Amino acid sequence: MQLQFSFIIPVYNRPDEIQELLQSFLALKANEAFEIVIVEDGSTIPSKGIIDVYKDKLHISYFFKENSGPGDSRNFGMLHAKGNYFIILDSDCILPKNYLDEVVKSLNTDYVDCFGGPDAAHESFSNLQKAINFSMTSFITTGGIRGNKNSVDAFQPRSFNMGISKKAFEKSKGFGDIHPGEDPDLSIRLWDLGYNTKLIPEAYVYHKRRISWNKFYKQVYKFGLVRPILNVWHPKTKKVTYWFPTLFCLGFLTACLLYFFKIKFFLELYILYFIIAFIWALFSTKNVMVALFSIIAIIIQFFGYGFGFLKSTCIVAVLKKDPKQFFPKLFFKRT
């Protein structure tokens with residue numbers, strides 16, 4: 001099959017990010033023709049002025065619609081795309097020069113109807129961005145579920161860097177209305193329909209993550225809220241590993257309590273873990289400040305996700321409450 005690629009990019013109030021992403025498209029070394037479909041999701045700070053600058057240099061289609069969330073905007077973009085294979089990116093990503101060539105090479109060797117690629121930290125990123133990237137992608141923190149070839153679980157592509165064929169999109173009807181969590185939900189539904197997914201390690205993007213410590217906590221807290229909902233929707237995908245952040249946090253609090261009773265062993269185990277994480281981060285990033293920030297990021301990630309997961313499990317899985325009623329901010333209305 002001759003692959004025809006359409007890049008699908010939802011954007012919301014981020015013209016500066018779109019400019020960086022489009023600039024990276026200009027540097028793309030690709031033998032394949034492609035189009036770029038940008039969907040403005042009801043922005044009050046539109047990107048059209050930036051996009052118009054690039055229209056003579058790149059094949060771009062631009063759409064403006066009312067705000068309905070990134071999942072619905074991606075669906076909108078795929079419905080209006082001309083290609084037979086869609087590559088979905090977040091607006092805060094930057095492409096390396098060989099991105100599309102790596103995708104084509106992998107799909108020609110081992111075709112799948114849905115793939116995902118990892119994210120990496122660009123040298124221009126701040127120390128905070130690099131630390132959060134380490135925390136979100138390292139095997140020592142997440143088991144590599146966001147793009148490590150040694151992942152402990154079957155790979156679920158993430159929508160910041162995800163490919164899906166047109167036929168798989170039409171069969172699955174694309175993303176649902178939950179956010180975050182729309183990407184693992186789609187991956188699981190694709191598996192149920194008989195489609196395979198895979199990781200293409202070489203097809204990485206630089207994921208800038210417009211983030212602060214407070215925003216990072218809110219993000220991982222929402223990730224924790226979403227997972228028990230997905231477990232209820234897709235009970236076959238339940239895994240004990242999803243409990244690890246919650247157990248880590250409860251164990252840490254217990255270890256601190258036991259310390260006051262002169263039982264130091266358990267707290268010392270946690271200190272050893274953080275020392276290992278610091279050394280791992282230092283080896284990976286070669287930056288002492290990033291390694292120190294990484295410890296903060298790991299703590300925020302575990303406690304944010306762990307608390308969200310425990311709260312959602314009690315409400316959705318134990319009390320059997322409707323998640324849309326208790327967590328309305330996790331759901332968008334479709335247009």
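User: Is Ile-178 buried or exposed?
Analyst: This is a predicted model. Ile-178 has a relative accessible area of 1%. The cut-off for burial is under 20%, so Ile-178 is buried.

User: Which residues does Ile-178 touch, not counting residues up to four places away in sequence?
Analyst: Ile-178 sits in the loop between α7 and α8. Neighbours up to four places away in sequence are left out here. The contacts of Ile-178 are then Val-226, Ile-229, Trp-233, Leu-330 and Phe-331.

User: How many Å apart are Ile-178 and Leu-230 in space, C-alpha to C-alpha?
Analyst: In sequence, Ile-178 and Leu-230 are 52 residues apart. In space, their C-alpha to C-alpha separation is 9.8 Å.

User: Which side chain meets Lys-324 in a salt bridge?
Analyst: The N to O distance of this salt bridge is 3.2 Å. The pair links distant parts of the chain, 147 residues apart. Lys-324 is in helix α13 (residues 323-326), and its partner is in the loop between α7 (166-172) and α8 (182-192). That partner is Asp-177.

User: Why does Asp-177 count as partly exposed?
Analyst: Buried means under 20% relative accessible area, and exposed means over 50%. Asp-177 falls in between, so it counts as partly exposed. Lys-324 is also partly exposed, at 42%. The value for Asp-177 is 21%.

User: Where do Asp-192 and Lys-236 lie?
Analyst: Asp-192 forms a salt bridge with Lys-236, with the closest N and O atoms 4.0 Å apart. The pair links distant parts of the chain, 44 residues apart. Asp-192 is in helix α8, and Lys-236 is in the loop between α9 and α10 (244-259).

User: What relative accessibility does Lys-236 have?
Analyst: Exposed means over 50%. Asp-192 counts as exposed at 52%. Lys-236 counts as exposed too, at 75%.

User: Which residues do salt bridges that share partners join into one network?
Analyst: The structure holds ten salt bridges. Some share partners and join residues into one network. Its members are Arg-74, Asp-90 and Glu-182.

User: Which helix holds both Lys-48 and Asp-52?
Analyst: Lys-48 forms a salt bridge with Asp-52, the closest N and O atoms being 3.0 Å apart. The two are four residues apart, about one turn of the helix. Both lie in helix α2 (residues 48-54).

User: What relative accessible area does Asp-52 have?
Analyst: Lys-48 is partly exposed, with a relative accessible area of 41%. Asp-52 is partly exposed as well. Its relative accessible area is 37%.

User: Which residues form a positive surface patch?
Analyst: One member is Lys-215, located in helix α9 (residues 213-233). Lys-215 is partly exposed at 46%. Patch members need over 30% relative accessible area and no salt bridge. The patch consists of Lys-215, Lys-218, Lys-222 and Lys-329.

User: Is Ser-24 buried or exposed?
Analyst: Ser-24 lies in helix α1 (residues 15-26). Its relative accessible area is 7%. Burial means under 20%, so Ser-24 is buried.

User: Which residues does Ser-24 touch, not counting residues up to four places away in sequence?
Analyst: Contact here means heavy atoms within 4.5 Å. Sequence neighbours up to four places away do not count. That leaves Ile-94 and Leu-95.

Key:
Residues numbered from 1 in each chain as written. Predicted model: local features only at pLDDT ≥ 70, side-chain atom pairs only at ≥ 80, totals over all residues. Heavy atoms only, no water. Patch = residues over 30% accessible without salt bridge, like charges linked within 9 Å, V, L, I, M, F, W, Y side chains within 5 Å. Areas by Shrake-Rupley, 256 points an atom, 1.4 Å probe, with all protein chains shown as cover. Lys, Arg positive; Asp, Glu negative; His and termini not counted. Charge placed at Lys NZ, Arg CZ, Asp CG, Glu CD. Buried < 20%, exposed > 50% of the residue type's maximum accessible area, 1.4 Å probe, protein only.
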